Amino acid sequence: TCPDVFADDYADYPQVTSGLTVKKLQDSVWVNTDDVELEYMAGAEKTLSPVMQIAPEHYKVLTVASIVQFAKKDYLSARNSAKSALDANPNATEARMLLIRSHVLLKHRDEAREEIEKGLKVEKDNAVRAELLKMKRSL
């Protein structure tokens, strides 16, 4: 099932919570970015666009943008969106993982290592820490 990606309070963005926009968006993008059908992503992109106009600086919206870009193999844009999400919320785990993966695929190994170290300092979830350590060993 799709986790509630937009569970936080969107009080500052009442337009985002109206209608089915958020539900359609999270249903569209909660996919495994290693195995994605591009037409599925095209629908997610179409739904993401109006939400980006309403809340472009919200870390979860930026993370979703990064997921879509990563799935389309636009790693530079995915990196930029994930970095912006982390600037908005330094504890955004999914954004951090996307940023690291984007750096690796862009062959920015030093930046990937640096981001892994930052993640290890702030991450409390043991499964995520284990994944970060695994990434660190592979670089």
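Predicted model: local features only at pLDDT ≥ 70, side-chain atom pairs only at ≥ 80, totals over all residues.
1. Two packed helices are described by the angle between their axes and the distance between the axes. For helix H6, which spans residues 93–105, and helix H8, which spans residues 126–138, the axes come within 12 Å and cross at roughly 10 degrees. Angles under 35 degrees count as roughly parallel, and H6 and H8 are therefore roughly parallel to each other.

2. The residues that meet across this pair are Thr-93, Met-97, Ile-100 and Arg-101 on the H6 side, and Val-128, Glu-131, Leu-132 and Met-135 on the H8 side. Sorted by class, the contact of H6 with H8 has 5 nonpolar residues, 1 polar residue and 2 charged residues.

3. Val-128, which lies in helix H8, may be followed individually. Its relative accessible area is 18%, and because buried means under 20%, Val-128 is buried. When residues up to four places away in sequence are not counted, Val-128 touches Thr-93, Met-97 and Glu-123. Val-128 and Glu-94 are 34 residues apart in sequence, while their C-alpha atoms are 9.6 Å apart in space.

4. Turning to aromatic side chains, a search of the whole structure finds 1 aromatic pair. In that pair, the rings of Phe-70 and Tyr-75 have centres 5.1 Å apart and planes at 65 degrees, so the arrangement is edge-to-face, given that planes over 60 degrees apart count as such. Both Phe-70 and Tyr-75 are buried.

Technical notes
Residues numbered from 1 in each chain as written. Heavy atoms only, no water. Axes fitted to C-alpha atoms, helices over the stretch in contact; angles between N-to-C directions. Helix = DSSP H or I, 4+ residues; strand = E, 2+ residues; numbered from the N terminus. Parallel < 35°, antiparallel > 145°, perpendicular 65-115°, else oblique. Contact = heavy atoms within 4.5 Å. Nonpolar A, V, L, I, M, F, W, Y, C, P; charged D, E, K, R; others polar. Buried < 20%, exposed > 50% of the residue type's maximum accessible area, 1.4 Å probe, protein only. Phe/Tyr/Trp six-rings, centres within 6.5 Å; stacked < 30°, edge-to-face > 60°.
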